[in-house]
Amino acid sequence: MSVISGKKILLGVTAGIAAYKTAFLVRLFIKAGAQVKVVMTPAAKEFVTPLTLSTLSKNEVISSFTKEEDHSNQWNNHVELGLWADLMLIAPATANTLSKMAKGHSDNFLLATYLSSKCPVYFAPAMDLDMYRHPSTRENFDILTSFGNTMIPATSGELASGLSGEGRMAEPEDILKFIEDHIAESLPLRNKKVLITAGPTYEAIDPVRFIGNHSSGKMGFELAAAARSLGAEVILISGPTHLQNPNEEINLIRVQSAVDMFEAATKFFPEVDIAIASAAVSDYRPKLSATQKIKKSAETMMLELVKNPDILASLGEAKKHQILVGFALETENEEENAAGKLQRKNLDFIVLNSLNDSGAGFKSETNKIKILFKDGKTKGFQIKSKTEVAGDILNEIILLSNE
Ligand code: C5P
């Protein structure tokens with residue numbers, strides 16, 4: 001899955017012949033799973049039609065401050081659009097627009113949107129070779145780079161003037177690759193390996209029956225998706241759930257029982273940097289699992305149970321450089337019990353969710369957590385979606401790993 005999947009991309013098109021290539025660029029962004037909105041300078045419409053770009057981007061293309069076509073006296077909100085974007089790309093970026101961007105001019109909708117945006121901005125220059133080489137153009141590149149904007153350099157080749165040299169806009173595939181690599185390099189969990197346990201475990205009584213629990217696995221799957229999107233290599237070991245792998249780049253290992261989960265987790269643990277145990281592991285399993293379905297006979301039936309291995313405690317014992325995080329779902333003496341587990345299992349922090357809070361716990365879409373750190377500090381959070389909670393937890397891990 002591309003790192004731009006789900007991102008909101010604002011493409012600013014200015015008046016260079018390379019504008020015709022933005023049709024391909026929009027297609028590539030959409031195919032990579034991004035949302036795209038296009039703004040154009042008025043002159044850019046001479047090179048590629050707004051209809052082409054609105055059809056491909058599935059969004060209205062804006063090129064002026066007012067909605068002139070419908071005479072509605074309404075204005076297009078450049079501030080809203082600038083804030084909507086996760087990233088902005090000006091491609092092709094002409095010498096004229098780059099100069100105006102460098103000086104803070106705002107005499108068209110694209111420039112006003114650029115000035116309003118708070119997101120990372122990329123620009124892909126396209127111009128004739130002498131314009132590209134000109135000291136004023138070079139100075140504008142430097143000024144824009146000093147603002148934190150990122151230049152996607154032009155390449156050499158045949159130019160619209162008939163001359164040959166540097167100044168051709170980078171090809172759409174190369175622009176996409178440049179942006180993907182640039183984002184990937186800046187992700188906080190790049191080069192990190194994360195192990196996550198998720199879901200319930202099923203402890204077989206016989207071939208058709210088991211001891212299980214109500215865990216849906218949602219929290220663990222959200223953690224895995226979030227860790228992946230922050231650049232980590234993710235191994236997700238999950239007990240039985242109906243959830244699909246959220247990202248094909250996540251190594252999802254499906255297991256049934258606590259013993260299976262234990263084997264998988266202890267195998268991978270030495271090679272990871274971070275481990276998060278969010279699985280609701282069954283504490284006991286039947287001593288014997290019948291090979292045939294148990295027949296109904298006596299009025300009562302005894303099931304002898306034996307203790308399962310404590311996966312997290314074993315990881316805590318084996319821990320060397322790893323950051324280790326556990327979960328505690330408590331119904332009474334919450335903080336005290338969670339703090340006990342934090343110590344016993346040798347964790348860096350424990351995430352406490354209480355069954356006493358409505359909207360927290362097993363099957364809900366939301367969770368309300370409190371984090372207890374090993375140095376005794378605690379941090380409470382509001383009730384949030386599990387996606388946001390996953391972000392909060394990983395944020396704490398990133399802070400710890402930067403210490
Ligand atoms: O079950 P308990 O409340 O002790 O769970 C606390 C933490 O330990 C959780 O993070 C859970 O995933 C983990 N755990 C485990 N193996 C077990 C029991 C719990 O990894 N057998």
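**Contacts along the chain.** I started with contacts (heavy atoms within 4.5 Å). Among those in the protein chain between residues at least 6 apart in sequence, I found that 67% join residues at least 24 apart. I noted that this is a predicted model, where local features need pLDDT of at least 70, side-chain atom pairs count only at pLDDT 80 or more, and totals for chains, interfaces and linings use all residues. I also noted that residues are numbered from 1 along each chain as its sequence is written, and that side-chain values use heavy atoms, with hydrogens and water left out.

**Domains.** Next I looked up the domain assignment, whose bounds come from an automatic or database source. It gives domain 1 (8-186) and domain 2 (193-401). I read 45 Å between the two centres, taken over C-alpha atoms.

**Overall extent.** How far does the C-alpha trace of the protein chain span along its principal axes? I got about 90 × 45 × 40 Å.

**Burial.** I then checked how many residues are buried (under 20% relative accessible area with a 1.4 Å probe, protein chains only; exposed is over 50%, partly exposed in between). In the protein chain, 47% of the 403 residues count as buried.

**A stop at Lys-21.** Is Lys-21 buried or exposed? I put it down as buried, because its relative accessibility is 10%. Which residues does Lys-21 touch, not counting those up to four places away in sequence? I listed Arg-168, Met-169, Glu-171 and Pro-172. For Phe-147, 126 residues from Lys-21 along the chain, I noted a C-alpha separation of 27 Å.
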